[in-house]
Amino acid sequence: MSKISNYDVIVAPVVTEKSTMASEHNQVVFDVAIDASKPEIKAAVEQLFSVKVKAVNVNIRKGKLKKFRGIAGRRKDVNKAIVTLVEGQNIDISTGL
């Protein structure tokens with residue numbers, strides 16, 4: 001396990017139509033550090049938001065190829081974590097930390 005702080009593990013909440021629909025099923029979506037593991041994400045969410053985590057699903061969204069002034073470049077890969085909370089727990093991502 002790498003030694004990174006909880007604030008470095010969780011980069012930002014994801015606020016999209018799909019992630020708000022997931023909140024109806026007790027799930028919250030976060031962008032996380034690219035090298036963060038599931039146990040690190042679970043520990044960070046539990047400690048930062050004072051909730052119990054039931055499961056963590058992770059997927060890596062590959063960066064797109066883009067051109068800027070005719071020069072080809074590539075966006076960064078983003079690690080996205082879908083955190084399922086225990087029944088009765090919730091996180092209000094609009095308030096922040």
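**Entry 1: charges.** I kept in mind that this is a predicted model. How many salt bridges does the structure hold? I found one. Arg-74 is paired with Asp-77, and their closest N and O atoms are 3.5 Å apart; the cut-off I worked with is 4 Å.

**Entry 2: rings.** Next I went through the aromatic side chains and came to a count of one pair. The partners are Phe-30 and Phe-49, with 5.7 Å from centre to centre. I read 25 degrees between their planes, and because planes under 30 degrees apart count as stacked, I wrote the pair down as stacked.

Which parts does the pair tie together? Phe-30 sits in strand β2, residues 27–32, while Phe-49 belongs to helix α3, residues 38–49. The pair therefore links parts that are 19 residues apart in sequence.

Phe-49 has 22% and is partly exposed; the limit for buried is under 20%.

**Entry 3: the largest pocket.** I got about 190 Å³ of space here. The lining counts 15 residues, and those nearest the centre are Ser-19, Ser-23, Gln-27, Val-28 and Ile-91. I checked which elements take part: α2 (17–22) and β2 each bring at least two residues to this lining. β2 gives the most, with three residues. By class I wrote down seven nonpolar, seven polar and one charged.

**Entry 4: the second largest pocket.** This one holds about 160 Å³ of space. Among its lining residues I listed Val-14, Thr-16, Lys-18, Ser-19, Arg-61, Lys-80 and Ile-82. Two or more residues each come from α2, β2 and β6 (78–85). Which element supplies the largest share of the lining? I have α2 down for that, with three residues. The classes are four nonpolar, three polar and three charged.

**Entry 5: cross-check.** I compared the two linings by name. Ser-19 and Gln-27 are listed near the centre of the largest pocket, and Ser-19 and Gln-27 also line the second largest pocket.

Methods:
Residues are numbered from 1 along each chain as its sequence is written. This is a predicted model: local features need pLDDT of at least 70, side-chain atom pairs count only at pLDDT 80 or more; totals for chains, interfaces and linings use all residues. Side-chain values use heavy atoms; hydrogens and water are left out. A salt bridge is a side-chain nitrogen of Lys or Arg within 4 Å of a carboxyl oxygen of Asp or Glu. Rings of Phe, Tyr and Trp (its six-membered ring) pair if their centres lie within 6.5 Å; planes under 30 degrees apart count as stacked, over 60 as edge-to-face and the rest as tilted. Helices (H or I, at least four residues) and strands (E, at least two) are DSSP runs, numbered from the N terminus. Buried means under 20% relative accessible area, exposed over 50%, partly exposed in between (1.4 Å probe, protein chains only). On a 1 Å grid over the protein atoms alone, a cavity is a set of points where a 1.4 Å probe fits but cannot get out, and a pocket is an open set with protein on both sides within 12 Å along at least five of seven lines; lining residues have an atom within 4 Å of a point. Grid points are joined across faces, edges and corners, and a volume is the space filled by probe spheres set on the points. Ala, Val, Leu, Ile, Met, Phe, Trp, Tyr, Cys and Pro count as nonpolar, Asp, Glu, Lys and Arg as charged, and the others, Gly among them, as polar.
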